[in-house]
Amino acid sequence: MDKFVIRGGKTLSGTVQASGAKNATLALMPATLLAPGSYTLHHTPELRDVTTMSRLLETMGLKIERVDDALRIDSSVVSSYEAPYEHVKKMRASIYVLGPLVGRFGQADVSLPGGCAWGPRPVNLHIEGLRKLGAQIDVEGGYIRARAKRLKGARIVFDVSSVGATGNVMMAAVLAQGTTIIDNAAMEPEIAALGDLLLKMGARIHGVGTNHLEIEGVDTLHPADFVTIPDRIETGTLLVAAALAGKRDGKVRVEHCNPAHLSAVTTKLEDVGARLTLGKDFIEIVPPEVIQPVNITTSIYSGFPTDMQAQWIALMSLARGASIVTETIYGDRFMHVPELVRLGANITVKENIATVVGVEKLTGAKVMSTDLRASASLILAGLAAEGETEVLRVYHLDRGYERIEQKLSRLGAQIERVSGEEF
Ligand code: EPZ
């Protein structure tokens, strides 16, 4: 397993490019199950999770090859309707094959995803949504077994706004007979991107990008090419790195991003004292003289994203004062806190609220990655800490950040990947 060795205190400045969005890609890839033929998904990031999804789809008969920054997917042959445990346990997003398989083939056997580092990850909304569309679903032996003749349009209201359940039900409904209405649908840009691909494939969807979707089922769809949206969480992570470790008179410019997808984070960074310039496809940040303490509460889009919560706590660890971080999406998503405390941060967690009292400095230490965004927060803290920080088990990070150590090195960070067994 690899680790990162970081020598903190280097200041960051320069230009870096954002990669394509992981959480859009993981929905776009299984959508190719809905119509046979060849698709090119441009701006697809090279990530472990993308490889995991590719392997899963290949076990189902699809042919997938990387061509430069694109994935070329041929879904002419679908020979299996199963997503086995060994794939799903690696990545919860594997469940995204459920909707398209039931929608097009009327059959799917998908392993229940396990939990993750920070707790249970229910899939009741996925199952209830598909049942409303007429699928017969039994959950037995750790598998979701779905069978259906042709799905029928229905009115669905999600009790909780769910990115995955919205994606799955949307992909099932586009080939259903009749119209499906989804209320309290997720509005995340990644789900809007999925809706845009489905529209290009001939689906009839009104309200893409809103929380009210009206889907008129069609008999068949056709393949389409697509340019994946930029990764707003990677962009936010790079901006927080700059706010934490940026050269006081320098600036960091993140290109190939979409500032409109990140307004909650850029606004909060301005409250911290950073100066930001937002272009059409770039964001420039001049770091704050002093990091002001700024409270955040995570929420569904377009509020502050839960996937930026760990990175924000790293930033607040060096603020001049105390801040409150309230996590409303996953109440126990604080596995990064004990590791940040090992670097000298002063953070206490009570239920879903973290209180961060800014300290003068962080001191390098060996810390352990537990999940994707926790790993990111440890790297950010390591960049600002005095001395050397070792972040172990960076395979968590490789799931969702494309060559992050190269991007940070280009900005002036001293960060090195070290391969080895025993870490
Ligand atoms: C997606 O996960 C993202 N993953 C997550 O990003 C992200 O944190 C999350 O959305 C929230 O924005 C992908 O897109 C691959 P949800 P998802 O269904 O779809 C509850 C990362 O770091 N819920 O929107 O699994 C759930 O417990 C990852 O890139 C149910 O109760 O999240 C949570 O409290 C981590 N029942 C809330 O909804 C269900 O059936 C939001 O979850 C489904 C969800």
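This is a predicted model: local features need pLDDT of at least 70, side-chain atom pairs count only at pLDDT 80 or more; totals for chains, interfaces and linings use all residues.

Reader: Switching to the ligand. Which residues come nearest?

Author: There are 23 residues around the ligand, and Arg-92, Asn-124, Ser-162, Asp-307 and Ile-329 come nearest.

Reader: And which atoms lie by the ligand's oxygens, backbone or side-chain?

Author: Both kinds. Lys-22 has a polar side-chain atom 2.9 Å from a ligand oxygen, and a polar side-chain atom of Tyr-330 lies 3.1 Å from a ligand oxygen. For Ile-329, a backbone N or O atom lies 2.7 Å from an oxygen atom of the ligand.

Reader: How much of the ligand's area does the protein bury?

Author: The protein buries 87% of the 820 Å² that the ligand exposes when taken alone.

Reader: Which elements give two or more residues to the shell?

Author: Helix H1 (22-31), helix H5 (124-132), helix H6 (163-173) and helix H12 (372-384). The largest share, three residues, comes from H5.

Reader: What's the makeup of the shell by class?

Author: Ten nonpolar, seven polar and six charged residues.

Reader: Let's look at H1. Why is it called largely enclosed?

Author: Because nine of its ten residues are buried, H1 is largely enclosed by the rest of the structure. Lys-22 is among those buried residues, along with Ala-24, Leu-26 and Met-29. That's the Lys-22 whose polar side-chain atom lies 2.9 Å from a ligand oxygen.

Reader: And H6, how many of its residues are buried?

Author: Ten of the eleven, so H6 is also largely enclosed by the rest of the structure. The buried ones include Gly-164, Asn-168, Val-169 and Met-171.

Reader: What does Ser-162 do at the start of H6?

Author: A side-chain oxygen of Ser-162 reaches to within 2.9 Å of the backbone nitrogen of Ala-165. Ser-162 is also one of the residues that come nearest to the ligand.

Reader: What is E13 joined to, and in which sense, parallel or antiparallel?

Author: Antiparallel in both cases. Five bridges join strand E11, residues 179-183, to E13, and three join strand E12, residues 204-206, to E13. Glu-216 turns up in both pairings: Thr-179 has Glu-216 as its bridge partner, and Arg-204 stands opposite Glu-216.

Reader: Where's the positive phi in the hairpin of E12 and E13?

Author: At Gly-207, near 95 degrees, in a hairpin with five residues between the strands. The hairpin of E4 and E5 has two residues between its strands, and Asp-68 in that turn has a positive phi of about 55 degrees. E4 and E5 pair in the antiparallel sense over five bridges.

Reader: Last stop, Ser-369. Buried or exposed?

Author: Buried, because its relative accessibility is 2% and the cut-off for buried is under 20%. Ser-369 lies in the loop between strand E22 (366-368) and H12. Its side chain reaches the backbone oxygen of Leu-392 at 2.7 Å and makes a polar contact with the side chain of Ser-375 at 3.5 Å.

Reader: And what does Val-240 touch?

Author: Leaving out residues up to four places away in sequence, Val-240 touches Leu-269, Met-308, Gln-311, Leu-315 and Leu-380. Val-240 sits in helix H8, residues 232-245, and counts as buried at 0% relative accessibility.

Terms used:
Residues are numbered from 1 along each chain as its sequence is written. Side-chain values use heavy atoms; hydrogens and water are left out. A residue is near a molecule or strand if one of its heavy atoms lies within 4 Å of it. A polar contact is a pair of N or O atoms within 3.5 Å; within protein, one must be able to donate a hydrogen and the other to accept it, and residues adjacent in sequence count only if both atoms are side-chain atoms. Accessible areas come from the Shrake-Rupley method with a 1.4 Å probe; for residues, only the protein chains shown count as cover. Helices (H or I, at least four residues) and strands (E, at least two) are DSSP runs, numbered from the N terminus. Ala, Val, Leu, Ile, Met, Phe, Trp, Tyr, Cys and Pro count as nonpolar, Asp, Glu, Lys and Arg as charged, and the others, Gly among them, as polar. Buried means under 20% relative accessible area, exposed over 50%, partly exposed in between (1.4 Å probe, protein chains only). Two strands pair if DSSP finds at least two bridges between them. Contact means heavy atoms within 4.5 Å.
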